[in-house]
Amino acid sequence: MKWFSSYLSNRKQYTVLQNYESTLESVTCGVPQGPVLGLLLFLIYVNDIQYVVTNAKIKLFADDTNLFFYSKDLVKLFALANIGMSQLYGWFTANKLSLNVDKACYSVFGPNCKKTMAHTLQINGQVI
(Lines give C-alpha, C1' and ligand atoms only; values in the text may rest on other atoms or scores of the structure.)
Protein backbone atom coordinates (compact mmCIF):
# COMPACT_ATOMS: atom_id res chain seq x y z
CA MET A 1 0.00 0.00 0.00
CA LYS A 2 2.88 2.37 0.74
CA TRP A 3 4.33 1.71 -2.69
CA PHE A 4 1.03 2.66 -4.41
CA SER A 5 0.73 5.69 -2.16
CA SER A 6 4.23 6.89 -3.07
CA TYR A 7 3.49 6.28 -6.78
CA LEU A 8 0.37 8.46 -6.63
CA SER A 9 1.50 11.12 -4.15
CA ASN A 10 3.43 14.36 -4.55
CA ARG A 11 2.93 14.56 -8.31
CA LYS A 12 3.20 17.87 -10.14
CA GLN A 13 2.49 18.96 -13.68
CA TYR A 14 2.54 21.97 -15.96
CA THR A 15 1.39 22.75 -19.48
CA VAL A 16 3.34 24.20 -22.38
CA LEU A 17 1.51 25.81 -25.30
CA GLN A 18 3.64 27.47 -27.95
CA ASN A 19 5.88 29.84 -25.94
CA TYR A 20 3.77 29.85 -22.77
CA GLU A 21 4.45 27.65 -19.75
CA SER A 22 1.93 27.40 -16.92
CA THR A 23 3.02 27.28 -13.31
CA LEU A 24 3.88 23.97 -11.73
CA GLU A 25 0.82 22.67 -9.86
CA SER A 26 0.17 19.68 -7.63
CA VAL A 27 -1.92 16.83 -9.04
CA THR A 28 -4.43 15.76 -6.42
CA CYS A 29 -6.44 13.14 -8.32
CA GLY A 30 -6.18 10.75 -11.23
CA VAL A 31 -3.41 8.43 -12.28
CA PRO A 32 -0.27 9.22 -14.30
CA GLN A 33 -0.85 8.95 -18.04
CA GLY A 34 1.68 6.97 -20.01
CA PRO A 35 3.08 4.32 -17.67
CA VAL A 36 1.55 0.84 -17.86
CA LEU A 37 0.71 1.00 -14.15
CA GLY A 38 -1.29 4.20 -14.76
CA LEU A 39 -3.46 2.41 -17.34
CA LEU A 40 -3.96 -0.59 -15.05
CA LEU A 41 -4.99 1.64 -12.12
CA PHE A 42 -7.41 3.55 -14.39
CA LEU A 43 -9.01 0.31 -15.58
CA ILE A 44 -9.40 -0.89 -12.00
CA TYR A 45 -10.92 2.48 -11.07
CA VAL A 46 -13.56 2.40 -13.83
CA ASN A 47 -14.19 -1.34 -13.82
CA ASP A 48 -17.50 -1.12 -11.95
CA ILE A 49 -19.04 1.22 -14.53
CA GLN A 50 -20.38 -1.89 -16.25
CA TYR A 51 -22.84 -2.40 -13.37
CA VAL A 52 -24.12 1.18 -13.22
CA VAL A 53 -26.43 1.43 -16.22
CA THR A 54 -28.99 -1.27 -15.60
CA ASN A 55 -30.85 -1.11 -18.91
CA ALA A 56 -27.97 -1.23 -21.40
CA LYS A 57 -25.10 -3.35 -22.59
CA ILE A 58 -21.81 -1.59 -21.87
CA LYS A 59 -18.56 -2.11 -23.74
CA LEU A 60 -15.29 -0.58 -22.51
CA PHE A 61 -12.14 0.03 -24.51
CA ALA A 62 -9.36 1.92 -22.71
CA ASP A 63 -11.01 5.19 -21.68
CA ASP A 64 -13.92 4.90 -24.16
CA THR A 65 -17.29 3.64 -23.02
CA ASN A 66 -20.07 2.53 -25.37
CA LEU A 67 -23.62 1.94 -24.19
CA PHE A 68 -26.08 -0.07 -26.26
CA PHE A 69 -29.82 0.39 -25.69
CA TYR A 70 -32.45 -1.70 -27.45
CA SER A 71 -36.10 -1.07 -28.19
CA LYS A 72 -38.43 -1.32 -31.18
CA ASP A 73 -40.23 1.82 -29.96
CA LEU A 74 -38.26 5.03 -30.57
CA VAL A 75 -39.92 6.91 -27.68
CA LYS A 76 -39.13 4.05 -25.29
CA LEU A 77 -35.58 3.85 -26.65
CA PHE A 78 -34.85 7.49 -25.84
CA ALA A 79 -36.52 7.14 -22.43
CA LEU A 80 -34.29 4.14 -21.64
CA ALA A 81 -31.21 5.96 -22.91
CA ASN A 82 -31.95 9.06 -20.82
CA ILE A 83 -32.43 6.92 -17.72
CA GLY A 84 -29.09 5.28 -18.50
CA MET A 85 -27.43 8.66 -18.96
CA SER A 86 -28.77 9.74 -15.57
CA GLN A 87 -27.35 6.60 -13.95
CA LEU A 88 -24.03 7.20 -15.72
CA TYR A 89 -23.92 10.81 -14.55
CA GLY A 90 -24.46 9.65 -10.96
CA TRP A 91 -21.52 7.26 -11.28
CA PHE A 92 -19.29 9.95 -12.80
CA THR A 93 -20.18 12.34 -9.98
CA ALA A 94 -19.59 9.74 -7.25
CA ASN A 95 -16.20 8.88 -8.77
CA LYS A 96 -15.14 12.51 -9.26
CA LEU A 97 -15.04 12.16 -13.03
CA SER A 98 -16.63 14.22 -15.77
CA LEU A 99 -17.97 13.48 -19.20
CA ASN A 100 -17.02 15.72 -22.10
CA VAL A 101 -20.46 16.26 -23.63
CA ASP A 102 -18.84 17.81 -26.72
CA LYS A 103 -17.20 14.46 -27.47
CA ALA A 104 -20.26 12.35 -26.63
CA CYS A 105 -22.38 11.15 -29.52
CA TYR A 106 -24.95 8.53 -30.34
CA SER A 107 -26.33 6.60 -33.30
CA VAL A 108 -29.76 5.10 -33.79
CA PHE A 109 -30.12 2.05 -36.01
CA GLY A 110 -33.44 0.85 -37.37
CA PRO A 111 -36.18 1.58 -39.89
CA ASN A 112 -37.35 4.79 -38.12
CA CYS A 113 -33.94 6.43 -37.69
CA LYS A 114 -34.92 9.65 -39.48
CA LYS A 115 -37.45 10.44 -36.74
CA THR A 116 -34.76 10.85 -34.06
CA MET A 117 -34.63 14.64 -34.48
CA ALA A 118 -37.80 14.91 -32.38
CA HIS A 119 -36.06 13.17 -29.47
CA THR A 120 -33.12 14.30 -27.34
CA LEU A 121 -30.53 12.48 -25.33
CA GLN A 122 -29.22 14.34 -22.29
CA ILE A 123 -26.76 14.00 -19.46
CA ASN A 124 -27.15 16.32 -16.49
CA GLY A 125 -29.48 18.54 -18.52
CA GLN A 126 -27.01 18.96 -21.41
CA VAL A 127 -28.16 17.72 -24.79
CA ILE A 128 -25.81 15.24 -26.44
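This is a predicted model: local features need pLDDT of at least 70, side-chain atom pairs count only at pLDDT 80 or more; totals for chains, interfaces and linings use all residues.

Strand 5, residues 57-61, pairs with strand 6, residues 64-68, in the antiparallel sense, and the pairing runs over five bridges. If you look at Lys57, its bridge partner in strand 6 is Phe68. Two residues sit between the strands of this hairpin, and Ala62 there takes a positive phi near 55°.

Next, the core. The largest nonpolar core has 22 residues, and the members that touch the most others are Val53, Leu67, Phe69, Met85 and Leu88. Which helix gives the most to this core? That is helix 3, residues 74-94, with nine residues. As background, nonpolar side chains in soluble globular proteins tend to be buried together. Take Leu88 as one example: leaving out residues up to four places away in sequence, Leu88 touches Ile49, Val52, Val53 and Leu67.

Now the cysteines. The disulfide count is zero, going by sulfur atoms within 2.5 Å. Are Cys29 and Cys105 buried or exposed? Cys29 has a relative accessible area of 56%, so Cys29 is exposed. Cys105 is exposed as well, at 70%.

Last, the aromatics. The whole structure holds four aromatic pairs. Trp3 and Phe4 make an edge-to-face pair, with 5.2 Å centre to centre and 75° between the planes. Why does Trp3 count as exposed? Because its relative accessibility is 55%, and the exposed class begins over 50%. Phe4, at 34%, counts as partly exposed.

Another edge-to-face pair is Phe78 with Tyr106, at 5.7 Å centre to centre and 85° between the planes. This pair links distant parts of the chain, 28 residues apart: Phe78 belongs to helix 3, while Tyr106 lies in the loop between helix 3 and strand 7 (122-123). Why is Phe78 called buried? Its relative accessibility is 6%, and buried means under 20%. Tyr106 has 32%, so Tyr106 counts as partly exposed.

Definitions and conventions. Residues are numbered from 1 along each chain as its sequence is written. Side-chain values use heavy atoms; hydrogens and water are left out. Two strands pair if DSSP finds at least two bridges between them. Helices (H or I, at least four residues) and strands (E, at least two) are DSSP runs, numbered from the N terminus. A nonpolar core is a set of buried Ala, Val, Leu, Ile, Met, Phe, Trp, Tyr and Cys residues joined through side-chain atoms within 4.5 Å. Buried means under 20% relative accessible area, exposed over 50%, partly exposed in between (1.4 Å probe, protein chains only). Contact means heavy atoms within 4.5 Å. Rings of Phe, Tyr and Trp (its six-membered ring) pair if their centres lie within 6.5 Å; planes under 30 degrees apart count as stacked, over 60 as edge-to-face and the rest as tilted.
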